[in-house]
Amino acid sequence: MTTTLAPDAIDSEKREQLLRGGFCRFERVLSPDILGRLRAATERMLDDVPPEQAERTRAQGSLLPTTGDPIFAELVTYRPALDALAALGFPHPTFTDGYVISKPGHSPRLFWHYDWFAWEDPYSYGPVPPQVFAMYYLSDTTPENGCLRVIPGSHTRHNPLHDLLAEPHSERLSRARDLSLPEFSTRPDEADVPVRASDLLVGDARLLHAAHANETDERRTLITLWYQPRFDAMPERIQAQMAAKIQHAPEWWPAEARERYSALLPRYDSDAAPYARTLYRRR
Ligand SMILES: O=C(O)CCC(=O)C(=O)O
């Protein structure tokens, strides 16, 4: 589906930030009401994580799918966030999957990585983000409690760090035992991205990003939702790769939550072979 937005409906400054730098921030998107309920729901989910599971993902912290609570149907379809995506020029996004990522107090850095894996297709090197993250941190973030770090422009431009990275999210990196690896290094061109708890951070899945260690006593919880700005415009093999990761609404969610959530999932009924997960290669 294509829609032409009136030029004044686009926030050209934010769109430029996303297309050039790879990320942009919308301030005060979450209402105090939904923020409070998200905090309560994620605390409940995180309290159930067994310690051995948290140990396997020390660098990220706990990593739970957002199918764990029906409040995420509300968040995935949250009107102010969809309006923000529309203001970026993406009026008809689709949604595939989401995660609650919580760095416990006194946990190490998150490794440098990108979250895009269809690098063998030329589409992955174009200007339009094939997929964006919508990140909501549930507390204000700073370098002390593990705020995001990014390498601006690395979503579309080769960066020397690309040549040093192994498989993102491998167990070796997730366990964060060897902090001398390049994935845990400080880079000369990195930038901190501190945010307020109600902000929405939108970023290109191809952007190189990491997070500071959490040196405080408090958990630092983040919800990451993955949207595809123009699912229908992507090559079929990429669509197939995206479709394979869709998190469907659980049967136990209330019907209304299932319905509103499912309306945003991409429709995909071709039989193209999904791309295997491939790593970045320089073009
Ligand atoms: O923890 C963060 O701030 C970012 C998390 C992230 O990018 C990831 O786990 O893929």
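Q: What makes the largest nonpolar core a core, and which residues have the most contacts inside it?
A: In this predicted model, the largest nonpolar core has 65 residues, and those with the most contacts inside it are Phe-23, Ala-84, Ala-134, Tyr-136, Leu-200, Val-202 and Leu-225. The term applies because a nonpolar core is a set of buried residues of the listed nonpolar types, joined through C-beta atoms within 7 Å. Strand E5 (residues 132–137) gives this core its largest share, 6 residues. In soluble globular proteins, nonpolar side chains tend to be buried together.

Q: Which residues is Leu-225 in contact with, once its neighbours within four places in sequence are left aside?
A: Leu-225 is in contact with Thr-66, Leu-75, Val-76, Phe-95, Gly-98 and Ala-134. Of these partners, Ala-134 is also listed with Leu-225 among the residues with the most contacts inside the largest nonpolar core.

Q: Why do strands E1 and E2 count as edges of their sheet?
A: The open sheet of 6 strands is ordered E1-E8-E5-E10-E3-E2, with antiparallel pairing. Strand E1 (23–26) and strand E2 (62–65) each have a single partner strand, so one side of each is left without a neighbour in the sheet. From one strand to the next, the twist averages 20 degrees.

Q: How do you know that E2 and E3 are paired?
A: Pairing calls for at least two bridges between two strands.

Q: Why is E3 described as largely enclosed by the rest of the structure?
A: The description follows from burial, since 7 of the 10 residues of E3 are buried, so the strand is largely enclosed by the rest of the structure. E3 and E10 are also included in what covers the buried residues of H7. In helix H7 (residues 236–243), those buried residues are Ile-238, Gln-239, Gln-241, Met-242 and Ala-243.

Q: Why does Phe-90 count as buried?
A: The cut-off for burial is 20 or more other C-beta atoms within 10 Å. Phe-90 has 23 C-beta neighbours inside 10 Å, and therefore counts as buried. Phe-90 lies in the loop between helix H5 (79–87) and E3. Leaving aside neighbours within four places in sequence, Phe-90 is in contact with Leu-85 and Pro-229. Arg-230 is 140 residues from Phe-90 in sequence, with a C-alpha to C-alpha separation of 7.2 Å in space.

Q: Why do strands E4 and E7 count as edges of their sheet?
A: The open sheet of 4 strands has the order E4-E9-E6-E7, with antiparallel pairing. Strand E4 (110–113) and strand E7 (191–193) each have a single partner strand, so one side of each lacks a neighbour in the sheet. Neighbouring strands of this sheet are turned by 25 degrees against each other on average, direction ignored. Inside the sheet, strand E6 (residues 148–150) and strand E9 (residues 209–211) run antiparallel and are joined by 3 bridges, with Arg-149 having Ala-210 as its bridge partner in E9.

Q: Which residues are around the ligand, and how many are nonpolar, polar and charged?
A: Around the ligand are Gln-60, Ile-101, Leu-110, Asp-115, Leu-148, His-209, Ala-211 and Leu-222. The shell divides into 5 nonpolar, 2 polar and 1 charged. Asp-115 is the charged residue, because Asp belongs to the charged class.

Terms used: Residues numbered from 1 in each chain as written. Predicted model: local features only at pLDDT ≥ 70, side-chain atom pairs only at ≥ 80, totals over all residues. Near = placed C-beta within 6 Å. Helix = DSSP H or I, 4+ residues; strand = E, 2+ residues; numbered from the N terminus. Axes fitted to C-alpha atoms, helices over the stretch in contact; angles between N-to-C directions. Buried ≥ 20, exposed ≤ 12 C-beta atoms within 10 Å, placed from the backbone. Contact = placed C-beta atoms within 7 Å.
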